[in-house]
Amino acid sequence: MFKEIISKKPTIAKKLSLWFLVVALLPLILFGYVSYDNARKTMKQEVTNHLISIADNKARQIENYILEKERDIAALVNTPTIIDAIEKFNIAFKENGIDSPEYSAVDKEFRSFLTYYKEQFRHYDLFL
């Protein structure tokens, strides 16, 4: 029975049905592919734009952070206490060295101020 169905010649109705199916499916497949490709390109562009936006935002945050730290340091450098500390540290280092009691005395005199400033303005370290 199966051989009879296969061996029969296709009728005109079967041929027309097959061609109508092909004609109906071909545009549907083409439309599906074009829609998929457009959606993929659009999503890729949106993701790229979003990443660029995030990168620009992070760059601005870093620039603002650096400018804030530079302003903090510029203000600190011009305070009389820091000017006095640099002069005293310089003299103690040149005349006696870093391990001398004189240098330790200068360190003790200014350490609390410098530590307070460092912690208050969230600096990692201060270098005079």
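The largest pocket in this predicted model has a volume of about 440 Å³. Here a pocket is an open set of points on a 1 Å grid over the protein atoms alone, with protein on both sides within 12 Å along at least five of seven lines. Its volume is the space filled by probe spheres set on those points, which are joined across faces, edges and corners; the probe is 1.4 Å. Lining residues are those with an atom within 4 Å of a point. Of the 17 residues that line the largest pocket, the closest to its centre are Phe89, Asp107, Leu114, Leu126 and Leu128.

Which helix gives the most to this lining? Helix H4 does, with 7 residues. Helix H3 (80-96) and helix H4 (101-120) each supply at least two residues of the lining. The helices are DSSP runs of H or I with at least four residues, numbered from the N terminus. Sorted by class, the lining has 11 nonpolar, 2 polar and 4 charged residues. For this sorting, Ala, Val, Leu, Ile, Met, Phe, Trp, Tyr, Cys and Pro count as nonpolar, Asp, Glu, Lys and Arg as charged, and the others, Gly among them, as polar.

Residues are numbered from 1 along each chain as its sequence is written, and side-chain values use heavy atoms, with hydrogens and water left out. Because the model is predicted, local features need pLDDT of at least 70 and side-chain atom pairs count only at pLDDT 80 or more, while totals for chains, interfaces and linings use all residues.

Now turn to helix H2, which covers residues 12-77. H2 has 66 residues and reaches 97 Å from its first C-alpha to its last. That is close to the 98 Å expected at 1.5 Å a residue, where the expected span is 1.5 Å times one less than the number of residues. Which residues of H2 are buried? They are Asp37, Lys69, Asp72 and Leu76. Buried means under 20% relative accessible area, exposed means over 50%, and partly exposed lies in between, using a 1.4 Å probe and protein chains only. Helices H3 and H4 are included in what covers the buried residues of H2.

Ile73 lies in helix H2 and is partly exposed at 32% relative accessibility. Ile73 and Leu126 are 53 residues apart in sequence and 9.1 Å apart in space, C-alpha to C-alpha. Leaving out residues up to four places away in sequence, Ile73 touches Tyr117, His123 and Leu126, where contact means heavy atoms within 4.5 Å. Asn49 is also placed in H2, and with a relative accessible area of 42% Asn49 is partly exposed. From Asn49 to Thr81 there are 32 residues in sequence and 49 Å in space, C-alpha to C-alpha.

Next come the charged pairs. Side chains of opposite charge can pair when their charged atoms come close. The structure holds 5 salt bridges, each a side-chain nitrogen of Lys or Arg within 4 Å of a carboxyl oxygen of Asp or Glu. An α-helix has 3.6 residues a turn, so residues three or four places apart point the same way.

You can see that spacing in helix H4, where Arg111 and Asp107 lie 4 residues apart, about one turn of the helix. Arg111 forms a salt bridge with Asp107, the closest N and O atoms being 3.1 Å apart. Arg111 is partly exposed at 48% relative accessible area, and Asp107 is partly exposed at 22%. Elsewhere, salt bridges that share partners join Asp37, Arg40 and Lys41 into one network. Asp37 and Arg40 are separated by about one helical turn because they are 3 residues apart in H2. Asp37 counts as buried at 14% relative accessibility, whereas Arg40 is partly exposed at 37%.

Being 4 residues apart in H3, Asp84 and Lys88 are separated by about one helical turn. Asp84 is partly exposed at 29% relative accessibility, and Lys88 is partly exposed at 31%.

Finally, look at the segment after H4, where Arg122 is placed. Arg122 has a positive phi of about 55 degrees although it is not a glycine. At 62% relative accessibility, Arg122 counts as exposed.
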